[in-house]
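Let's take a walk through this model together, with an eye on its charged side chains and one of its helices. Have the structure open and follow along.

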Amino acid sequence: MELQPQPTKTYLIHRHRESTEYQFTTSDPGGPITHYYILAPPKYQSDQHYKKWRAIIHSGGDPKTHSPAESPITCRIARAIWWKKIYIETGGGIQREVKTDEKAFKVKSLNRSNKVRKAFCMRPKALEWSAEDESALQGFGEGLRERAREKLVMVHKGHRKYEFEVAGVKYQWTGTKLHSGGLVRGIRLNGFAYSVKLVRLEDKKLIASYQKKYNMCGSLTGFLHFYTDEKTEILPEPVIVHTAFGMIRAEKHKRDTVFEILGEIAKNAGG
């Protein structure tokens, strides 16, 4: 039996604000360093309907405490109904598009608020929009030539199976649940809820793995491990992070939906 290799890098995944914000960090002697911060969805686009749901990925820290230059928007994720497909977009001025949507939402909300304030003889509020935000909207700092828009589609192939292709090579996130959350909580066991692995299908090579834990302290929800080999450069780290998040969010949505259905059944049975 082949032993699983030791990871060459690990990201700690934290979940904040009722599971709408995700933070990928690495441990460091001087303190944790955030490499990716994901808004899923952002406040200005909070519709959970599959046609409007979006996730915005920043390559850096929390955008509330970092400027667009320090934590630029590098990816946008959309989904199909029931997460049958997950659409991942990078490059091509995505930050400008996201900032345009964000500003339009803020202006609309501000106009509505100022109408109410005017009715009560209150001074109007000014738009909260920094010079850094405007620079990001205008595309300053992105260079004279933008990187071409790249699109990746991840397809749900079955129970915890999500497949995608990069440069003609197929990859798949696949795994099996180890034990249920109810069992973990019932016996007070600090164990992994499930382990999902990213493999290259042509040779079943292990590329990355995600391990989710119950009973974790604070916001920590799991670990994303990386394993390197001679072909790793074909699959850049951001792609692994983006697809891992898509898989994590899809699985959470499905699990929450099942719990809601079971809750409704129990409620109706008891009523």
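Let's begin at arginine 160, which counts as buried because its relative accessibility is 5%, under the 20% cut-off. Keep in mind as you look that this is a predicted model. What does arginine 160 form a salt bridge with? The partner is glutamate 251, and the closest N and O atoms of the two are 3.2 Å apart. Glutamate 251 is buried too, with a relative accessibility of 7%. This pair links distant parts of the chain: arginine 160 sits in the loop between strand E7 (150–158) and strand E8 (161–166), while glutamate 251 belongs to helix H4 (residues 237–270), 91 residues apart.

Side chains of opposite charge can pair when their charged atoms come close.

Turn next to lysine 64, whose salt bridge with glutamate 21 brings the closest N and O atoms to 3.2 Å. Lysine 64 lies in the loop between strand E4 (55–58) and strand E5 (73–79), and glutamate 21 lies in strand E2 (residues 21–26), so the pair ties together parts that are 43 residues apart in sequence. Are the two partners buried or exposed? Lysine 64 is partly exposed, at 46% relative accessibility, whereas glutamate 21 is buried, at 6%.

Now find arginine 200 and glutamate 202, whose side chains meet in a salt bridge with an N to O distance of 3.8 Å. Arginine 200 counts as buried, since its relative accessibility is 2%. Elsewhere, salt bridges that share partners join several residues into one network: Arg76, Glu89, Glu97, Arg149 and Lys151.

Helix H1 covers residues 94–119, 26 residues in all. From its first C-alpha to its last, helix H1 reaches 38 Å, close to the 38 Å expected at 1.5 Å a residue.

Which residues of H1 are buried? They are Ile94, Gln95, Val98, Lys99, Glu102, Leu110, Asn114 and Arg117. An α-helix has 3.6 residues a turn, so residues three or four places apart point the same way. The buried residues of H1 pack against E4, E5, strand E6 (85–90) and helix H2 (131–138).

Our last stop comes just after H1, where cysteine 121 takes a positive phi of about 55°.

Terms used:
Residues are numbered from 1 along each chain as its sequence is written. This is a predicted model: local features need pLDDT of at least 70, side-chain atom pairs count only at pLDDT 80 or more; totals for chains, interfaces and linings use all residues. Side-chain values use heavy atoms; hydrogens and water are left out. A salt bridge is a side-chain nitrogen of Lys or Arg within 4 Å of a carboxyl oxygen of Asp or Glu. Helices (H or I, at least four residues) and strands (E, at least two) are DSSP runs, numbered from the N terminus. Buried means under 20% relative accessible area, exposed over 50%, partly exposed in between (1.4 Å probe, protein chains only). The expected span of a helix is 1.5 Å times one less than its number of residues. Contact means heavy atoms within 4.5 Å.
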